[in-house]
Amino acid sequence: MRGKSASSVTAAGVVLRAEGSKTIVELHGDWTVETVGRMDATLRDVEESVAPGDIVIDLSDLGLIDTAGAYIIGRVTRRCSQPDGDFHFIGEHPTARRLIEEVRARTTICAQEEEAGYGFMQALSRIGAGIEAVMREALDTFAFLGKTIITGFRTLANPQRLRLTPTIWAMEEVGVNAMPIIAVLSFFIGAVVAYMGANLLQTLGFSVFTVELVGIAVLREFGVLITAIMLAGRSDSAFTAQIGSMKMQQEIDAMRVLGLDPFEALVLPRVIACVLMAPLLTFGAMIAGIFGGMIVAWSAQDISPTLFIARFHQELPWDHFLVGMSKAPVFGLVVAIIGCRQGMMVSGDVESLGRRVTASVVQSIFAVIVLEAMFAMMYLELGI
Amino acid sequence: MSEDILISVRGLRTAFGRHVVHENLDLDIRRGEIMGLVGGSGTGKTVLLNSILGLKEPDGGDILFNGRRFSQMSALERLKVNSRWGVLFQNGALFTSLTVLENVMAPLREHVDMPPALMEEIASMKIGLSGLAPDVGDRYPSELSGGMRKRVALARALALDPEILFLDEPTAGLDPIGAAAFDSLILELSQALGLTVLMITHDLDSLHAICDRVAVLADKRVAAVAPIEALLRNPHPWIQEYFHGPRGRAALAGKES
């Protein structure tokens, strides 16, 4: 494209002319990346229909040419024994021949992979691959859990190896800093449960049962569930992002080379923090939820706080509280393990970081809900 | 003047807050030449490149392309001019979510109307042109080595057959053999395609090997523009130290031997 600016490009054209046994391909106008698109089909036709030895390219009326033009012109004779032989070309052009040869010398077209179709078999194979991936993820997560537990026992046998400062820092991050948002959420959930129950129970004349409704719902399920979901959304994603960005910067590799065990230094503090803080957060969430229910009961149904608390003591056994609390450390453990594992799975590029953070949140919320259902069945069978 | 000036920078001023990087900077790039741009760290080589590319608005002065002022062009005209330019950024700046072939096809898809099959063939040709094996086409940038990434970035920069190629430290981080191969590739391409090249580099060997002229950034402006033989005799203290320091002498000796 030397000597002219882009605006002066004229359209490319091609005229085919038979002369004896030869087919002459006359090129007209400018053959640049902007113009050659329309010539593609015609030249492919020539390449396929004319015997390779009989193609002659007439360059005399050719205008500008660039590598795209050179490629598409050179392609016409690519099946010949001597693609750049002089008998293939007539007419003079200052740069065309050289450029065509140059481009041909460096061109090797990559074979494109066959696009997967959208047939029934493909659908089945995608479902199969998806199920296999889920199974493998689950298996790997258990392996990660096992490795963490082994590291935990090793640290237990040798307690001065515990990284106290990172553990305390993680406890502050996971626990103290999350308390306000969890308490507020739980307060509203408690209030909503009280409202929903109040309407129904009032029509039956049992409004005082609101106390039991709020108590059982918040103590058994909502306190711990809100905590676990907030941990998954807040701490689990942070774990993945922190560990993942360290992985991307090769910090994890550096730790391994320096003889630091990443499980000991990064994973264990976070897991310990989650397991210890989850019950405390759950306790806070329970208090806030019951408080929310109590406020609604007081304002909407005239159940005074004194009556509410007295009935609470009288009617609700400790079992509900213990059931709720027993789930908290399990959820904390699951969330921390999934978050740390996904962080360790991040590879070199930025995109995998984003994908892993998403996967981490989705997996931990999924795991929490599934475990919640299993706990419910277990306690039902046990009659607690 | 018989010289065919493609880009000229006139009285450019660039400042970040109160920190002035360029003051009254002039630079002319001739059509068809390979110009090297050198300067100490922090003298604003990449900033100058960004100003020419239009990624940074100049705080004063103007840049002319083919004799037309950028400040008087409409955004559309500017876009059209930019589509005729190829840029190789310092770290490649490949799109991580696209394969190598798709990366090279991206400018074609955007600016040119042609059948997808031809687009793929042309992109493959550019990949070959930048010295890569054809089978890298379906790999992702994260699976490539640093040198391969630079070559893919070069292929993408060449996708639209640009008039001008801007290279920001093309050989940084390459091994000496790879760097020499890259140099000869750029030289060959610029001769075969009639490219104008502006390249920022610290590689004294590439300066000696392929640059027609070298511009030196110092004291907030272009302190000197000359072929490298003339620069060696320039009395400016920084230029003397740069070309006659231990590394400069080694590169010079390497060229002479």
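The largest nonpolar core of this predicted model has 95 residues, of which B:V104, B:A123 and B:V197 touch the most other members. Such a core is a set of buried Ala, Val, Leu, Ile, Met, Phe, Trp, Tyr and Cys residues joined through C-beta atoms within 7 Å. Buried means that 20 or more other C-beta atoms lie within 10 Å of the residue's own, with C-beta atoms placed from the backbone. Helix α4 of chain B (residues 116-129) gives the most to this core, seven residues. Helices are DSSP runs of H or I with at least four residues, strands are runs of E with at least two, and both are numbered from the N terminus.

Leaving aside residues up to four places away in sequence, B:A123 touches B:L101, B:V104, B:M105, B:L108 and B:A159; contact means C-beta atoms, placed from the backbone, within 7 Å. Another core, of 58 residues, lies apart from the largest one and includes A:F187, A:V193, A:L266 and A:V296.

Between the chains, 29 residues of chain B are in contact with 29 residues of chain A. On the chain B side, α4 and α6 (176-193) are the elements that give two or more residues, and α4(B) gives the most, with eight. The classes on that side are as follows.

| Class (members) | Residues of chain B touching chain A |
|---|---|
| Nonpolar (Ala, Val, Leu, Ile, Met, Phe, Trp, Tyr, Cys, Pro) | 12 residues |
| Polar (the others, Gly among them) | eight residues |

Chain A has 12 helices and five strands, and 35% of its 384 residues count as buried.

Residues are numbered from 1 along each chain as its sequence is written, and chains are lettered from A and ligands numbered from 1 in the order in which they are written. In this predicted model, local features need pLDDT of at least 70 and side-chain atom pairs count only at pLDDT 80 or more, while totals for chains, interfaces and linings use all residues.

Methods:
Buried ≥ 20, exposed ≤ 12 C-beta atoms within 10 Å, placed from the backbone. Contact = placed C-beta atoms within 7 Å.
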